[in-house]
Structure formats: C-alpha cells, structure tokens
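Follow the chain from its overall contacts down to one pair of helices. The structure comes next.

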Amino acid sequence: MFCTNCGAEIPSGTIICPQCGVPTNSTQTTTTAHGSKMAPKSVGGFICGLLGFLLEWLPLIGLILSIVGVALCSNGKKEVAKNPQAYTGTGMLTAGQVLGIIGIVVGAIALIFTLIWCIILGNGGFFSLMEEMINILDL
C-alpha cells in the first residue's frame, strides 16, 4: 500500500502515513479500529433478559424469556471473543446475561412456589388458580 499524498510505502491497514502525517483512504480499517459495530445479538439478548426479569410474576413466560436472553447473550459474547476489535456495546450483552440469570433463578423459585401453592389448594389445583386469576383480571 502506498500513501496517496507522498507516495511512501506504508503497511496495509495504516490509518495515517508515518512519513507525511496525512490520513490514508483506508476507511474500512478506521471503522474496524474504532469498533463502530454493535455487538451481535446484544439488543435482542438484553431485551429478552430484561423482559424475563420483569415478567417473573408470570413464572413460565419469565423463565422462558430469561433462558432465551442468556442464550442470545452467550452466543453474542462468543462472536465478540472471536474478533473483539470489531465490536462495541458488549455491556448490553453482560447486562442481558446478568438479568437473564437472575430471571432464571427467580422464575424457577416462582414456578416451584406456584406449583406448591396449586397442590396445597387441593381440589381444583392449577386450573382453579388460573380461573381465579382470570376472574381477578376481569374486574
């Protein structure tokens, strides 16, 4: 690769010519060096982790969303680990993963308590609980 200003030979991927100090035409290298791309699956993983955490009052739905959020964030982190200079926004991956893990733990506990509560209710079990919830929501 040669500098377009002074003609000096420069290594490929150089952003500024070491001879004359003029920026090179290597815009692709600049983008990669500054890491302007968002980490893959960071938004989806964060949203699923957050919704899973917030929807723990619906144990099964919150648990499923939390598991999906952790899976997306884990896959995103693996892709970022392959080429860490190319991505930014890994904080969303970490936040989504943490929220998802908390959601899994809380969701599992809530699901266990819900099942125990249904067993203690006795006769109607889970279906009478669901009917009560529907009646409450209709008010």
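Counting contacts (heavy atoms within 4.5 Å) in the protein between residues at least 6 apart in sequence, 51% join residues at least 24 apart. The model is predicted: local features need pLDDT of at least 70, side-chain atom pairs count only at pLDDT 80 or more, and totals for chains, interfaces and linings use all residues. Residues are numbered from 1 along each chain as its sequence is written, and side-chain values use heavy atoms, with hydrogens and water left out.

The protein has five helices and two strands, in the order α-β-α-α-β-α-α along the sequence. Helices (H or I, at least four residues) and strands (E, at least two) are DSSP runs, numbered from the N terminus. Of the 139 residues, 27% are buried, that is, under 20% relative accessible area with a 1.4 Å probe, protein chains only.

Helix α2 (residues 42–54) packs with helix α3 (residues 59–82) at an angle of about 155°, the axes being 7 Å apart. Axes are lines fitted to C-alpha atoms, for helices over the stretch in contact, and angles run from 0 to 180 degrees between N-to-C directions. The angle therefore makes α2 roughly antiparallel (over 145 degrees) to α3. On the α2 side the contact is made by G44, G45, F46, C48, G49, L51, G52 and F53, and on the α3 side by G62, L65, S66, V68, G69, L72 and C73.

G44 lies 32 residues from G76 in sequence and 9.9 Å from G76 in space, C-alpha to C-alpha.

Technical notes:
Angles under 35 degrees count as roughly parallel, over 145 as roughly antiparallel, 65 to 115 as roughly perpendicular and the rest as oblique. Buried means under 20% relative accessible area, exposed over 50%, partly exposed in between (1.4 Å probe, protein chains only).
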